[in-house]
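Thanks for coming, everyone. Let me put the sequence and the structure up, and then we'll walk through a few spots.

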Amino acid sequence: MTDALPPRGCQAAEPAEDSYFRKGCNPLAETGRSKLQNQRAVLNQQILRAVRMRAGAENLLRATTNNKVREQVLLELSFVNSDLQILKEELEGLNISVEVYQNTEETFSIPLVPLGLKETKEVDFTLPLKDFILEHYSEDSCEYEDEIADLMDLRQACRTPSRDEAGIEMLISYFLQLGYVENRFFPPTRHMGVLFTWYDSFTGVPVCQQNLLLEKASILFNIGALYTQIGTRCNRQTQNGLENAVDAFQRAAGVLNYLKETFTHTPSYDMSPAMLNVLVKMMLAQAQECAFEQISLPGIRNEFFTLVKMTQEVAKVGEVYMMVNTAMTQEPVKENIPYSWSKLVQIKSDHYRALAHYFVATILCDHELQSSDDEDQQEKALSQLYDYMPEGLMALTVLKDKVQRKQLGKAHLRKAVVYHEEALRVCGLCKKLRNIDVLQEVLTAAHKRSLLKYAQQEKEDDFLSLIQTPDIVPKTEHKVETIAPQFSKVKVKDFFHRLGPLSVFSAKQRWTAPRTIRFHCEAGELGFSLKGGSPVQIYCLDLACSAASMGLKEGDYIVSVGGVDCKWLGVNEVLEKFKSVGEQPIEFEVISCQDTTASMHSKSATYSVGMQKTYSLICLAMEEDKIDQTKKAPLKLPFLSWGTKNRQKAASTLCLPSAVAGSSQTKKKLSPFALLNTESSLY
């Protein structure tokens, strides 16, 4: 359930639709999904401890020259590597716990694969934002405590979103709110000291940075993951449920694709371009699978043209899963994709291709060309099923010749049986998949159906049946595509609206402290003009007027009149306030824009205070101490090597290798993520 929670920083007079946000699910609720997320959080902490131990052992191995100590360290590393492998398998088990996310209704369908939400640590915005408000905007930061608390409450709620549209809306609202926060409080020339920590969804390795873009990218990933969970939860026994599932997976693919194209250098494996490319393909494949289930839900009539259409539709599902399987077996994602995922994708590819051959066999074995049938249409439909016909066969001849129909039909049945047996064999190889009962039932039932169909055919000479089975051309009338995220449909109000218009009062602009100008109108003339929208700007200032003598400058912005904030007022409203003063002196506050040209911060967006460099939980290495030129830094090193073959490597497995710090004339060798060392190129 989601409850309405009025934010403390909003005034009661504001519209109701702008003055609330939703809370997340109760994190203590004993639901299946919450248990999985809690187990994921525990595993992340265990992986963190193991990685720290491994990094420390590697440092000791690099520092010591004592052979006895080195032997003990190598033994310790072997234990740590084994522990990490076990933890990885447990995390993979959580990723394949698909039955928790499926619809509770009884179903006879192959389970769909959802993505788990990325876990994060709590973040305290209070001190950094209050200090920045006081320093940068010269306002009393205590007046913005409620707004800061609202921001932190919204972030906390986003850790446990509800699995419905309300949860999606809440995540998107926080993502949009981060855009306001980034523009108001995160200048490009320095870091705010806010450390964001997110755990990799597949490896459990933490990524910590002071860059707000890591937060935005992780929220986008969770939006896509939540869409996948909504898709798997839909009731696949109804047309409406399947339609919602197709839509959810298309939207998940759209969000993940947007993440891939927008944040191109994410320092986390689960958000790398290669991994996101695989995930997008997998979500589209699941959408195509649901689309096929949607058109076959009313039942498949044993009619010639209906079977031709269904054959090509199901062949399309098999083809897209085959493409996903191929992508999963490529570097660099092969090492981090859960083994059970790749096997399930392979099973689905074999299963749906087997169904395609079964449908063709049904066409050939159950339907003979009658005098009342449209011969040309059937010939055309059968020809479109193949790129080429087997040698010595023609579509029209096959339709008319009963023997050739039977031979080709049995060839397709044999191919279907082979694919079914391969699917069952692959399923038996994976322990996680063997324990999914509905998967075993679906595969076994389809296999028995093909065997029964084959046994029903007349016994013929085997030599007459050796026809090469042609491949089936996949085709669909229900093509699925990514649906780009529509952020504009979620309306959010800037929590820090009172700071003023964002186009003027942003972190990129530097301002002087407010100056008080007090003057008398001379003969009803102000001595200056006003221009612009909100806030209004001083224009055509008469240097001889009394306001100029009090320190008013050309181009100053008026922020208050008579103690009343007017950052959001236009020219006419400010003039009305001036006129309302009457004969009394006019008193208002102005600010001046300062020069914003400052040197860019040279440090990377990382944080390692109080931690050793080799296990500081940072994906990007800080500046290493200068090392001997004879030592070469490896060009490529993974975040975390689960195997034991790299146990003797000197570099830490938690930090990416930095450039070799040699002489100034020596060209530095950069790691694949070396460009991430500056904030401007981080994403």
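**Aromatic rings and their neighbours**

Start with two residues, Phe132 and Tyr137: both are buried. Keep in mind that this is a predicted model.

How are the rings of Phe132 and Tyr137 arranged? Their centres are 6.0 Å apart and their planes stand at 75 degrees. Planes over 60 degrees apart count as edge-to-face, so Phe132 and Tyr137 make an edge-to-face pair.

Now a second pair, Phe185 and Phe496. Here the ring centres are 4.8 Å apart, with the planes at 75 degrees, so Phe185 and Phe496 are edge-to-face too. Where do these two sit in the chain? Phe185 belongs to helix 5, residues 165-185. Phe496 is in the loop between helix 15 (437-456) and strand 5 (515-519).

Buried or exposed? Phe185 has a relative accessible area of 0%, so Phe185 is buried. Phe496 comes out at 1%, so Phe496 is buried as well.

Phe132, Tyr137, Phe185 and Phe496 are joined by ring pairs into a cluster. And how many aromatic pairs does the model have? The count is 19.

**Charges over rings**

Next, lysine and arginine. Which ring does Lys410 lie over? Lys410 is over the face of Tyr454, at 5.0 Å from the ring centre. Arg449 does this with Tyr358: Arg449 lies over the ring face, 4.8 Å from the centre.

**One isoleucine in helix 2**

Let's move to Ile86. This residue is in helix 2, which covers residues 67-95. Is Ile86 buried, exposed or partly exposed? Its relative accessible area is 45%. Buried would need under 20%, and exposed over 50%. So Ile86 is partly exposed. One distance to note: the C-alpha atoms of Ile86 and Ile47 are 9.9 Å apart, and the two residues are 39 apart along the chain.

Last, confidence. The protein chain averages a pLDDT of 78, and 75% of the residues score at least 70. Where is the pLDDT below 50? Residues 1-21 are one such stretch. Beyond near neighbours in sequence, residues 1-21 have 33 contacts in the model. Residues 597-683 also stay under 50. For residues 597-683, the model has 173 contacts beyond four places in sequence.

That's the tour. Over to you for questions.

Notes
Residues are numbered from 1 along each chain as its sequence is written. This is a predicted model: local features need pLDDT of at least 70, side-chain atom pairs count only at pLDDT 80 or more; totals for chains, interfaces and linings use all residues. Side-chain values use heavy atoms; hydrogens and water are left out. pLDDT is the predictor's confidence in each residue, from 0 to 100. Contact means heavy atoms within 4.5 Å. Helices (H or I, at least four residues) and strands (E, at least two) are DSSP runs, numbered from the N terminus. Buried means under 20% relative accessible area, exposed over 50%, partly exposed in between (1.4 Å probe, protein chains only). Rings of Phe, Tyr and Trp (its six-membered ring) pair if their centres lie within 6.5 Å; planes under 30 degrees apart count as stacked, over 60 as edge-to-face and the rest as tilted. A charge sits over a ring if NZ of Lys or CZ of Arg is within 6 Å of the ring centre and within 35 degrees of the ring normal.
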